[in-house]
Amino acid sequence: MKLGEEIISILNRIDGRGYKAYLDLKGSYDFNYFTLFIDHVQRDPFASPSLLRVEIPDHSFPRELYQNKTRKIALEDYISRAFAEGIEKRVKGRKGSGKSGILRIDQGRQEVMERSCVNISPRVLEIRFELGLPARGRRIMGSEAQKLLTRVLPEIVSCSCFYGNLPAPEIARHVQGYEDAEHIRQQLVKEGLVAFIANDSILPRESGISPKPLPRAVAFKSPDKITVSLETADGNLVQGMGIPEGVTLIVGGGYHGKSTLLQAVELGVYNQLPGDGRELVITREDAVKIRAEDGRRIEKVDVSSFIHHPPGVGDTTDFSTENASGSTSQAANIIEALEAGSKLLLFDEDTSATNFMIRDERMQRLVNKDKEPITPFIDRVGELYHDQGVSTVLVMGGSGDYFQEADTVIMMDHYQPRDVTMDARNIAREMPINRKTEAPGKFHYQKRHPRPESIQPYKGQRLKLDSRGISTLIIGALMVDLSSVEQLVESSQTRAISYALYQLARNYPHRNSSVTVKNVLDDLDEEINRNGLDYLAPPGRKNPHNLARPRRYEIAAALNRLRSCKMNI
Ligand code: ADP
Ligand code: MG
């Protein structure tokens, strides 16, 4: 290890030279209260910024703030945000070309989740961040680099990486909020609930592009009948609406807040920041949003419980297409979610294929069953719960046919929920419909076995794994479109999924073909639980930056949409 001052002499020496001379900076430097590691130096000022780390041995964060996995995730998230705030306060205006002077850490948005950029242990606090080494044109700006590395960076480290320099009550709130959310999520299963929306939650967002709470929104208030009390981590009771297992309909007039409620439930699989308004909107971790997604690819999915003998296809027990229709894509999305282990499906009529959701009495009479390949979801929804234990939450303002099937009916009325289960039941009794259940045979599907050699992480000789925004995953020569995978919230998750696919390809090539999709997802979850996100890093990318933990359902979603991926059944 070199002394901190040595950075100054190196920079003096290479000042004004060609950019490549920055490579001389690689290595580690002792700055007294922290060590700086310059692991990777960018090739030119326009390339992705250089990768740096600091290690702080005497961070003095109390052990109890990170004594278990839950707290550790929350504290690390807090520190990443404090570091980001430090950057924002201290880096004013960039000088130079390309990415010169960019200093950034992979800070989350509204969701608090496990990420690779901060790692704390009693021994050391490690922070991973990026710096665009400054240049004028392609010439090294030595003095600017010196300022950033030897003045600005130590200030940021000092204000964000030592417990004594941070607001203790705010840290406690951050950690406690996360722990409460986890604690409530654990109770859902015991209480037979799929989701909980605490009273006084603020569900709507500021705009379609801002995840911040909508100012002056109507606060959520649970109807008495379905109000439950759950416990926070330190034993306080919170009241709110409990959505029970089974089939739940969310009805109500247009613009009364149905989709807003469902979206909050979708994202309730994550824990939100204090002040988000949805901190105590908690959903079971296995919830998967199901929607129509025409144009997607499907690889050997057994959709026969929903689609049989469409014209020109025949057997649908291993249905493949490069260009799915609305209804077949929705059927495949369901089967794939169940295959990955979900027992909780979320639907919104706004994003569903109508002919997949319903087929009413009149249509049954006009278009004979033998001319309709689709078994609508309404004919499976009850069976899925009773036979498979799969619950459904469904926003449906446009058709009352589902009343018969629903265990709970919630009506959104001026953004407030009302329990209208009894009314819906009475109406179903008073106005019987004569539509026939058309499901041929019991619900079932075949398991698939991924073929790892069909996942190709190399483009030519180069390993290529990355994300472009949240919804584009890059692997080898291919891009995977994840724009309809709505529970993916960060590009760092997308990047982590590309790494996960790489591990999948690498770890299974010689295994026998009995390995199922569920097996590989179980293995990945287990490895990440045991070894953290660093497990995902390919060789040569130790200490990976900018990874956030993806759920298994989103990993499966990417595998299923990767156009080269082959499966056996
Ligand atoms: P629906 O799905 O019933 O048609 P949406 O959920 O799309 O309705 O909501 C319609 C509009 O109302 C959206 O602009 C949303 O932001 C707003 N909104 C939803 N819930 C609330 C609330 N609790 N307070 C204020 N505005 C809300
Ligand atoms: Mg809607």
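The legends below describe close-up views of a predicted model.

Local features are given for pLDDT of at least 70 and side-chain atom pairs only at pLDDT 80 or more, while totals for chains, interfaces and linings use all residues. Residues are numbered from 1 along each chain as its sequence is written, chains are lettered from A and ligands numbered from 1 in the order in which they are written, and side-chain values use heavy atoms, with hydrogens and water left out.

View 1. Strand β2 (residues 27-30) pairs with strand β3 (residues 35-40) in the antiparallel sense over four bridges. Helices (H or I, at least four residues) and strands (E, at least two) are DSSP runs, numbered from the N terminus, and two strands pair if DSSP finds at least two bridges between them. Asp30 stands opposite Thr35 in β3. Four residues lie between the two strands of this hairpin, and Asn32 takes a positive phi near 75°.

**View 2. The aromatic pair Tyr33 and Phe34.** Rings of Phe, Tyr and Trp (its six-membered ring) pair if their centres lie within 6.5 Å; planes under 30 degrees apart count as stacked, over 60 as edge-to-face and the rest as tilted. By this rule the count comes to twelve aromatic pairs. Tyr33 and Phe34 have ring centres 5.2 Å apart and planes at 70°, so this pair is edge-to-face. Tyr33 is partly exposed, at a relative accessible area of 36%, whereas Phe34 is buried, at 1%. Buried means under 20% relative accessible area, exposed over 50%, and partly exposed in between (1.4 Å probe, protein chains only).

**View 3. Phe37 and Arg53 across β3 and β4.** Strands β3 and β4 pair in the antiparallel sense over five bridges. Phe37 stands opposite Arg53 in β4. The charged end of Arg53 sits over the ring of Phe37, 4.3 Å from the ring centre. A charge sits over a ring if NZ of Lys or CZ of Arg is within 6 Å of the ring centre and within 35 degrees of the ring normal.

**View 4. Strand β8 and its partners.** Seven of the seven residues of β8 (residues 125-131) are buried. Leu125, Ile127, Phe129 and Leu131 point one way from the strand, and Glu126, Arg128 and Glu130 point the other way. Strand β4 (residues 50-56) runs antiparallel to β8 and is joined to β8 by seven bridges; Leu51 has Glu130 as its bridge partner in β8. Strand β5 (residues 103-104) pairs with β8 in the antiparallel sense over two bridges, and the partner of Leu103 in β8 is Leu131. Strand β7 (residues 118-120) also pairs with β8 in the antiparallel sense, over three bridges. Asn119 has Glu126 as its bridge partner in β8, and a hairpin of four residues joins β7 to β8.

**View 5. An aromatic cluster.** One aromatic cluster is formed by Phe306, Phe347, Phe356, Phe377, Phe443 and Tyr445.

**View 6. The open sheet β27-β28-β29.** Three strands form an open sheet in the order β27-β28-β29, with antiparallel pairing. β27 (465-468) and β29 (478-481) stand at the edges with a single partner strand each, so one side of each is left without a neighbour in the sheet. From one strand to the next, the twist averages 25°. β27 and strand β28 (residues 472-475) are joined by four bridges, and Arg468 has Thr472 as its bridge partner in β28.

**View 7. Helices α11 and α13.** Helix α11 (residues 491-507) packs against helix α13 (residues 552-561) at an angle of about 70°, with the axes 10 Å apart. That makes α11 roughly perpendicular to α13. Axes are lines fitted to C-alpha atoms, for helices over the stretch in contact, and angles run from 0 to 180 degrees between N-to-C directions. Angles under 35 degrees count as roughly parallel, over 145 as roughly antiparallel, 65 to 115 as roughly perpendicular and the rest as oblique. Ile497, Ala500, Leu501 and Leu504 in α11 meet Glu554, Ile555, Ala558 and Leu559 in α13. Contact means heavy atoms within 4.5 Å.

**View 8. The surroundings of Thr516.** Thr516 lies in the loop between α11 and α12 (517-531). Thr516 is buried, with a relative accessible area of 10%. Leaving aside neighbours within four places in sequence, Thr516 is in contact with Lys447, Arg448, His449 and Pro450.
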